[in-house]
Amino acid sequence: MAITPRGPETADYDLSMRLRPLDVAAKGVLAVLARLPEPAQLRIAGELQEVDGQTVHPEVGMALRLLHLRPGPTFESLPLDQGRRQLDTEAWVFGRHTRVGRVEELVIPTAAGPLPARRYDPHADRAGDAVLVYFHGGGWVLGGLESADTVCRYLTVRAGLTVVSVDYRLAPEHPFPAASDDALAAYRFVLDVAPSWGVPADRVMVSGDSAGGTLTVVTALRARDEGLPAPRLQVMFFPAADAVNRRPSREKYGTGYFLTSAQVDWYYERYLPNPADRGHPWVSPLLAPSLAAVGPCYVGVAGFDPLRDEGIALAQRLRAEGNEVTLDIDARHVHGYVNATGVGRTSSAALDRAVAAMRAALR
């Protein structure tokens, strides 16, 4: 394992040095708008579409409207390197930079080669109360250490944990099962190294959002099958759970709410060049023969999300097969809320509910 200290915490980090002035300005504007009272945010958001008697939070509607006003194409229509940069930039613009005690770059040895990772500690001189292994979102195609930076910082400080963010291999360069293999290797590594950090191996958790949420439960599933200890807690945010069957939310919330149903298909086409892999349990955990004995779970789901129904179904099945499950449905939020702590209160509130579950698991 190679460790590269990044030095004392500062307000600047790598991505901020490559941003356009328009991105920096947008972040400043959003920070101001986030502090407005709800009626003012509602005026900026405009008329909110009602679905099943519900609308998104006013601050979410405001952010969506501003996002839709940004010039240029969406990531799936761009060259891959530009699409990846766009997702990183959006995460920085909409996220909140939280100062942590210490940040270090790691290199995790795996059978496939060195795996980059980043360690966040709540204190400058020691680890937190537990270690959380975090898998970023981005459909197994986009995302990385920078896109997950704001959420990892938030969880480090609010939960008092050491967070290890994993830069798993991406498709289409590295299709299935590369991301899943890297996630399991990272979990195994942290189990081994955590005691040297002063954290017992039975205080290791796993978490992730979107595709990273899928990797979270898949890592626990594979750990069970390979005889590894179950995570102290799995924290999944809006996971994709079934690449075979389309549930009603894929159509009902398929456009206009950040993640689109077409983008979900775009991700799967690149991650799964072999269509037969769509039903594999490491892709579609809802189709696994058994989800028993994978450990306690927290599943956070957004109401206005194409993946809503499969996230709920996954939580229900995990509970039905004997696992302790907390299902948190933020009925008025959208996919990706973990990356939007800089544009209002509702994303932070949703993350704080997950933090409370982490703290409870440690008690």
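This is a predicted model: local features need pLDDT of at least 70, side-chain atom pairs count only at pLDDT 80 or more; totals for chains, interfaces and linings use all residues.
M62 is buried, its relative accessible area being 0%. M62 belongs to helix α3. Setting aside the neighbours within four places in sequence, the residues in contact with M62 are L33, A34, Q41, I44, A45 and V343.

Helix α2 covers residues 38-45 and helix α3 covers residues 58-69. Two packed helices are described by the angle between their axes and the distance between the axes. For α2 and α3, the axes come within 8 Å and cross at roughly 35°. The crossing in which α2 passes α3 is left-handed. On the α2 side, the residues that meet α3 are E38, Q41, L42, R43, I44 and A45. On the α3 side, P58, E59, G61, M62 and R65 take part. What kinds of residue make up this contact of α2 with α3? Five are nonpolar, two are polar and four are charged.

The next topic is the charged pairs. The count of salt bridges comes to 24. One of them joins the side chains of D121 and R102, with a distance of 2.9 Å from N to O. D121 lies in strand β3, residues 115-121, and R102 lies in strand β2, residues 102-108, so this pair ties together parts that are 19 residues apart in sequence. Are D121 and R102 buried or exposed? Both D121 and R102 are buried.

A second salt bridge is formed by R359 and D129, whose closest N and O atoms are 3.0 Å apart. This pair links distant parts of the chain, 230 residues apart. R359 is in helix α11, which runs over residues 346-362, while D129 is in the loop between β3 and β4, the latter being residues 131-135. R359 is partly exposed because its relative accessible area is 25%. D129 is also partly exposed, with a value of 37%.

R246 has a relative accessibility of 43%, so R246 counts as partly exposed. E251 has a relative accessible area of 54% and is therefore exposed, as exposed means over 50%.

Salt bridges can also share residues. E105, R118, E146, D149 and R153 are linked in a network of salt bridges.

How many disulfides does the structure hold? The number is zero. C152 is in no disulfide, and the nearest cysteine sulfur, which belongs to C297, is 20 Å away. A disulfide would need the two sulfur atoms within 2.5 Å. C152 counts as buried because its relative accessibility is 0%. C297 likewise is in no disulfide, its nearest cysteine sulfur being that of C152 at 20 Å. With a relative accessibility of 2%, C297 also counts as buried.

Key. Residues are numbered from 1 along each chain as its sequence is written. Side-chain values use heavy atoms; hydrogens and water are left out. Axes are lines fitted to C-alpha atoms, for helices over the stretch in contact, and angles run from 0 to 180 degrees between N-to-C directions. Helices (H or I, at least four residues) and strands (E, at least two) are DSSP runs, numbered from the N terminus. A crossing is left-handed if the near helix is turned anticlockwise from the far one by less than a right angle, and right-handed if clockwise. Contact means heavy atoms within 4.5 Å. Ala, Val, Leu, Ile, Met, Phe, Trp, Tyr, Cys and Pro count as nonpolar, Asp, Glu, Lys and Arg as charged, and the others, Gly among them, as polar. Buried means under 20% relative accessible area, exposed over 50%, partly exposed in between (1.4 Å probe, protein chains only). A salt bridge is a side-chain nitrogen of Lys or Arg within 4 Å of a carboxyl oxygen of Asp or Glu.
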